[in-house]
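This briefing concerns a predicted model of a protein complex. Please consult the sequence and the coordinates alongside the notes.

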Amino acid sequence: MSLDVTNLKKVFVVGLFRRKEIQAVDNVSFNVKPGKFVSLVGESGSGKTTTAKMILRLLRPTSGSVIFDGKNVWDLKRINELRWYWKNVHAIFQDPYASYNPLHKIDRILYQALALIANQNTEGDSVVKKALTEVGLRSNDVLGKYPHELSGGQRQRIMVARCFIIKPKLILADEPISMIDASTRASVLQLFSKLKEEYKTSVIFITHDLGLAYYISDEIMIMHNGKIVEKGSPEEVMDNPQDPYTKRLREDVPLMYSKWIGF
Amino acid sequence: MVPPIIKDLFKIKKFDISLALFVGIMLTGVFGSILYNVNPLAAVGPPEQPPSDRFPLGTNSWGRDNLALLLSGIESSIYIGLTAALISIAIGVTIGVISGFKSGLTDSSLMLVTDVVLVLPSILIMMLIAAYLKERNPFFVSIIIGLTSWPWVARAVRSQMMSLKTREFMYMSRMAGLRDMRIIVEDLLPNMMSYVFMAFVLLMSGAMIAEAGLSMIGLGVTKGTSLGIILYWAQILEAVRRGLWWWFIPPGVCLVALATSLLLLSTALDEYFSPRLKGG
Amino acid sequence: MNTLALGLKEVERVTLLKAEGVKAYYSIRQGYVKAVDGLDLVIDKGITLGVAGESGCGKSTLMNALMMNVKLPLHLIEGTIALDGEVISKMDRSMLKKKIWGVQASMVPQSALNALMPTKRIMDFVRDVIKHHLNVTDSEIVSMAKKRFEELNLRVEALDLYPHELSGGMKQRAVIAVSTLLNPKLLIVDEPTSALDVSTQKQVLKMLMELKTTGITESIIFVTHDIAVLRQIADYIVIMYAGKIVESGSTEDILHDPKHPYTYCLINAVVTPEPEVRKRGLTSIPGEPPDLINPPGGCRFHPRCVKAMDECGSVEPVLAKFRGNRLVACHLFK
């Protein structure tokens, strides 16, 4: 699998009379190889979520291209082409509550994913059960329940279970652990590692948390004002940052093993 | 067996009272006409009689039984209210859903149509259509009212659609490869049902009042009767000035009670649903 | 009841806030949510105390109780709270408004940023605070505000702006500045920087430290789930779980030598961009957060504790002195 993002741009136009242009994503280029964890790190407003939506083919870029396995994603128009794409590139979003339709049981999130894989209804139940086991949940505990009846951690795990059903080559995880309790975060992160080990899944982590990015990524990309200002391995970015924004970020992140100077 | 939402709704006093009032009057009309077996449009006694044992609400200027007229009028007004509301809801929701979901050119053109209908003075339109149709049965009157009352529903439904469209669960359904129609039916409409229901109740209330309005200017039903028609004749034949209260007070009270009970019902629903919509 | 005393050396210890046996419950249809369930706390002057725990542990409720900001459905079931020697748990609301809130103690709650009236300028908030307590002319109020803003390195122009015209960080700093205009001895801030980016967060934290160095306020209680922040600014840390304090001690001790199993997991679940974190790995805690209507019997953490022993399910551990000024509530350390 290969993902090539080239010169991606997104301009939002706001206002009725005085049209103002907001350059949300400004000439972003990068690529992702199989089985690699890449983090797109930036504060809110840096353009990282917009970039993610464009890669997921949920938002149309103003210019630039997203090429997956040699195909330009915006050339894919028919429903079976789109299904092929989303079987290979999938997403896990930040808010484990908003990702579910509150009026449906959580089963739907899992069963609707079966449409993307070859064997459907006959073995559907066992596929779903197996996926839930992979993420450490028991079917009896979660199937048949509504989203509000489960905890944030459980909901997020079910989202990951969906990925265990689909087994995409690439996952875009938008702040996958920021809205769940600290005590369950590590176990959800481990699930991503499991996907990587078992299926060589690549993950693009979208996050503001430099610590998370440092811990889990093979490569970090720092985004600021719609541009990628720094690219490199976690050690390179933290030990030898080139860009002033990265340097400032590194200085301002609260650390556990050293104290800020002059505080 | 009963969905919890229904149980919860019945716990609200406002809901119970307003629903009881509306259903009470409606059933009086429906069963009353059957039990009180008098032809409302036939002359059955001397004209302009005050209430008596034989004619509990007296008679009107043509010797028709006022009580029979009232019961038939209740049925008719509710029928018109219901039908007009159904027509408006159907048009409003369809346009709102398509407009909100599709956006772009489709959205702009649909909203243009909506705005035009919104801005047109509905009374004049209704008058024009009504005057053109010499024979107006209750169904036609419903259509007239239904075709002019939907714009606000379309706009409101469209806003809801637009805000729901960017919720993450929408993305999850899209990425599961579901077709648009399925996403609309399975994901979006259920989340709007509470609003649609409220809009329906409000439309019904408005339609009954609109019917009375049309009737008061002589453009109501020509076949049968309705609360508005009764009031129209009462006014034309100076029943008000002459103090023939048994003619116009009962239908007036019933009309107000029906419309108000529906309005109350819609506020009860609003109170119940709003915190939920926000809480999520 | 073992009081938790945090502070300076024995001879210099001056207590600012003393809370004993605090029980604060929320009344709901199904019963009581025992958000804070029997807790003692002592804070000395000159200290920054960090209160850490995950969502639902009761830390925000505790702050409301300490400030005596107890509005239905929150009830202060039991407990005595004394601020600088004065018992405030017996005061009624109007007394608290007049003598305590803003004057002796101030709290900036979690959603303070969103609670600002959008039609009032910052200067109007200043007026609200000062007029309630002092009898001074408007020009005196304005000069007080300007002086304080300059003292804290805040743009004086911000006083004439509306809340929506300020950035998140500036808003937060303005709110803190206005809350401390009358130099309250105690300042409580509840998750003041969670919604801010790291650089803005550092600015706000810097300002909080300045409040102490300039003497505007004496002690600060900083409530957060972000332990790395506490590492940078707190002298002492209190760890809460299911309405109880499970451990407390100096920041150094808590972070580098956690004793209570929950504390240990919490510290090792923190992820910062440091090679030590990579080496150490991340811990997670099995199970689900506790039900506060019917909390587990005995030690509240026992269903999720890898070191749980037999008595943990039936006997509640007491928050007892471990070593020096460390307190731990765990049967492992009796």
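The predictor assigns the complex an ipTM of 0.88 and a pTM of 0.84. Chains A and C meet in a contact that takes 29 residues from chain A and 31 residues from chain C. The largest nonpolar core has 174 residues.

**Confidence**

- The average pLDDT of chain C is 89, and 96% of its residues score at least 70.
- Within chain C, the pLDDT falls below 50 over residues 7–11, a stretch with five contacts in the model beyond near neighbours in sequence.
- Where pLDDT is low, predicted coordinates should not be read in detail.

**Contact between chains A and C**

- To this contact chain A contributes 29 residues and chain C contributes 31 residues.
- On the side of chain A that touches chain C, the elements giving two or more residues are helix 7, helix 8 (210–216) and helix 10 (244–252) of chain A.
- Helix 7 of chain A supplies the largest share of that side, namely seven residues.
- By class, the side of chain A that touches chain C comprises 16 nonpolar, seven polar and six charged residues.

**Nonpolar cores**

- In the largest nonpolar core, of 174 residues, those with the most contacts inside it are A161(A), F205(A) and I239(C).
- Helix 6 (residues 152–166) of chain A provides the largest share of this core, eight residues.
- Leaving aside residues up to four places away in sequence, A161(A) touches L110(A), A131(A), L132(A), E134(A), V135(A) and L137(A).
- Another core, of 64 residues, lies apart from the largest one; among its members are A130(B), M192(B), Y195(B) and A268(B).
- In soluble globular proteins, nonpolar side chains tend to be buried together.

**Backbone geometry**

- A cis peptide bond leads from L72(C) to P73(C), with omega near 5°.
- P73(C) is placed in the loop between helix 1 (59–66) and strand 5 (74–83) of chain C.
- D69(A) is not a glycine, yet has a positive phi of about 50°; D69(A) sits in the loop between strand 4 (63–68) and strand 5 (71–72) of chain A.
- D69(A) counts as partly exposed because it has 15 C-beta neighbours inside 10 Å.
- K200(A), likewise a residue other than glycine, has a positive phi near 55°, and its place is in the loop between helix 7 (182–199) and strand 8 (202–207) of chain A.
- With 14 other C-beta atoms within 10 Å, K200(A) is partly exposed.

How values were computed. Residues numbered from 1 in each chain as written. Chains lettered and ligands numbered in written order. Predicted model: local features only at pLDDT ≥ 70, side-chain atom pairs only at ≥ 80, totals over all residues. Helix = DSSP H or I, 4+ residues; strand = E, 2+ residues; numbered from the N terminus. Buried ≥ 20, exposed ≤ 12 C-beta atoms within 10 Å, placed from the backbone. Contact = placed C-beta atoms within 7 Å. Nonpolar A, V, L, I, M, F, W, Y, C, P; charged D, E, K, R; others polar. pLDDT = per-residue confidence, 0-100. Core = buried A, V, L, I, M, F, W, Y, C linked by C-beta atoms within 7 Å.
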